Every structure is written in C-alpha cells, then in structure tokens.
Amino acid sequence: MSLANGRPYLAIPGPSVMPDRVLNAMHRAAPNIYEGSLVDMVAPLRADLKRVACTEQNLAIYIGNGHATWEAANTNVFRRGDKAVVLATGRFGHGWAEHARLLGVEPLITDFGREPIDLTRAEAALKAAPDARAVMVTHVDTATSALNDVAAVRRLMDDLGHPGLLMVDCIASLACDEFRMDDWGVDVMISASQKGLMTPPGLGFVFFSDKAKEVGKTSDLRTPYWDWTPRNTAQFFYENWYGTAPTHHLFGLREALSMIHEEGLENVWARHSALARAVWTAAEAWGQGGAFRLNIQDPARRGHSVTAARLSGKDGTRLRQWCEHQAGVTLGIGLGMAEPGDPAGDAYFRIAHMGHVNAHMTLGALAVMDTGMKALGIDHGPGAVEAAARALASD
Ligand SMILES: *Cc1c(COP(=O)(O)O)cnc(C)c1O
C-alpha cells in the first residue's frame, strides 16, 4: 500500500509547481511567429518581467535554462583576462565563477562555505581587487539557502569607490524574495523561468543596467547568439530571438506574470516569507528532540524560497525517499553538501516553498515529513506541525 497516489507535489527548488493556468495557456496550436497575438504579446510581457525585477532598464530573453544566463551575462560583460570578485555562498556561486573561468576570466573567489556573505570579508576581497570588472553574488544560493544582502554589497562597493559592475544571480529568488534591481544598484541580474516564475524550464532572463550596457560594449567574449543587444528590443521579432521564438513558453510565462501581478508582487513576497517561517518553525520543534537542523542559523539570512536542512547519517535521503514514495511529496536532494563520513551528502535535503505554493501545500509537506520521521524511526521533537500552524495563524 502507498499513500502517494494523489496529485504529486514536487517540492524541489526548481522546476517548481506549474499552475493549471500556466499549463492551460500553453495548451494550444502553434502560433504564427511573424505577426499576430504572439508578437503583440512581447512588449507587455517584457514590461511585466521588468516590474517583477523592479527595474526600468534593459532585458534580454534567451531560450535556455539558468546556466545559459550565466554564459549570457559573462560573455556580454567580460574581456578575456578580466578579474571578477566572486562572493560564493554555496554551489551555485562557485558554478557561475567556474563558467567565467572557462571563458578566460579570472575569478577571485571568497568562499563563505555554507554561510551568507560576511561584509568584513567582502570588503577585504573588494580592496584586494580594485580593478575587478565585476562583483558576482548569488542572491539566494539554492544549495545552502543562504540569502545575501545585495543592497549592502552595493553600499560597500560605493563606499570603497569600487567601479565594478554588480552582477547577481536571482534564479532561485526572483518573485519569491524581495529584490529591487534599480534601487539596490544592481547592474546585471539573471533569472530563469522554472522557479519563482512558475513556468517550465527553458527561458532565461538577463536584466542589465545602462551602465552594464555601456561597459559591455568592450567585452570581447560576446558571440552572436549570446549578444544581448538585439534581444533588448521588442521590435524585431525574429531577430530579437535569434530565430524561432519559444512560443509556448511565452504563453505560459504571460499567464504566470499575470498571476503575480494580480496577487501583487509585495503580497507574493509576503506569502513566501510566511510559508518559509512556517517551515523554520517546524524545523525548530523537530530539532528539540533529534538531529534535525537548518543550514542557516540566522533567520534574517535565510532565503524564502528554499530551506536546506540536515538530519544525520543517511536519514536525509531516507526521509526524502519515504516522502516521495509513500506520500507523494518530493523533497530536494542536498547539493554540494558532501563531508567526511558522508561523501554523498545523505544527511542533507531541501524543502522548496517556491512559486505556486500555498498554506495547504506547505503544511501538507511538513505533516508528511513529520509522518515520515515517525514511520522511519528518526528521532525528532514533537509538535512541529502544530507549531507551523500557529506560526501561519499569527501571520
Ligand atoms: C537553479 C539555479 C541555477 C541553475 O539553473 P538551471 O536552470 O538549472 O541551469 C543557477 N543559480 C541558482 C541560484 C539556481 O537556483
């Protein structure tokens, strides 16, 4: 007997749950890509995307996943041999830096391990590389769930008179955590469709400031397909996409953006924050009577779209498998969390609360985790689901 045979819930940090409205919007015949509704849709769609990023500057849309936007951003900004200050707080920060290195950029990595950026160390890194072309930050590193204070990094750069571009990976955080590109002085922000934007993987976004556009003119890594210049316009449709447009993804994204703006961006952020706090409250209760721990101790430095947690031994993996096969909830694997005695990172796992997620889904996932720990004999403190309910009731 399995209790998994209802509607499954994929609670991994991307791809995220796709709303029926998004799925239904894509369920249609192939459209004309040269004129008509698809073409007419692009200008308002770009405007609505910029509203989600809180920017009035530039945007290039690519057919590609998050990794594609790493390459897009890197090739438009850097020259071979440029230095980049990388403030890495998990696997994804290192990944973006490695992409830059493979292109001939010299990444100067400050490794914060599994912790968020510490501004004292960031200051030392900036002072040591006053000629770096850019500073690369991950807003929420999906591996550690560390939330970085992007505005504070910008203030630090300004205080030091550092001329570099501030580049931020918001793939896991856009439309989940508060992010204000223009107010926070971000020059390049990358994101992708399959996380907070609730659309299938396959669209990548590079938002860039007028300053980045200017600086990027001297990049020598740019190749025709990745060049952000022709993509930064809604006027020439075929050229704009460098070929066939991602037709059905655009219809899906159109609907997702409508949903976000109908709810209100600030309400979307508040919902993610409330659901995240419910997860953290449950985690605290579980931790009272067993090995359950969250990766990030300071709640102010935890991302609101994903929570990285650990048990002990192989219990993270055991719990994940139980939740999926016995209860229909798929949790995320631990990423980049190998350690001596646990080479596969089996103690770790992640719970996503990203995108199209509401109270019953998060409370359901927490109740399932609680049930799984009971079924598997994993020690845990009592009252976690009760505590999560109280947290949500008082929000
Ligand atoms: C998911 C993610 C990526 C990679 O995105 P893909 O679409 O899997 O290539 C990069 N950075 C962050 C912060 C992410 O969460």
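This briefing looks at the ligand site and at one histidine in the structure above. The model is predicted: local features need pLDDT of at least 70, side-chain atom pairs count only at pLDDT 80 or more, and totals for chains, interfaces and linings use all residues. Residues are numbered from 1 along each chain as its sequence is written, and side-chain values use heavy atoms, with hydrogens and water left out.

**Around the ligand**
- The ligand has 13 residues around it, and those that come nearest are His 67, Thr 142, Asp 169, Gln 194 and Lys 195; here, a residue is near if one of its heavy atoms lies within 4 Å.
- Helix α3 (residues 66-77) gives the largest share of this shell, three residues; helices are DSSP runs (H or I) of at least four residues, numbered from the N terminus.

- The side chain of Thr 142 has an N or O atom 2.3 Å from an oxygen atom of the ligand.
- For Lys 195, the distance from a side-chain N or O atom to a ligand oxygen is 2.6 Å.
- For Gln 194, a polar side-chain atom lies 2.7 Å from an oxygen atom of the ligand.

**A look at His 272**
- His 272 belongs to helix α10 (residues 265-287).
- His 272 is buried, at a relative accessible area of 1%; buried means under 20%, with a 1.4 Å probe and protein chains only.
- Its side chain reaches the backbone nitrogen of Gly 355 at 2.8 Å.

Technical notes
Polar contact = N/O pair within 3.5 Å; in protein donor to acceptor, adjacent residues only side chain to side chain. Helix = DSSP H or I, 4+ residues; strand = E, 2+ residues; numbered from the N terminus. Buried < 20%, exposed > 50% of the residue type's maximum accessible area, 1.4 Å probe, protein only.
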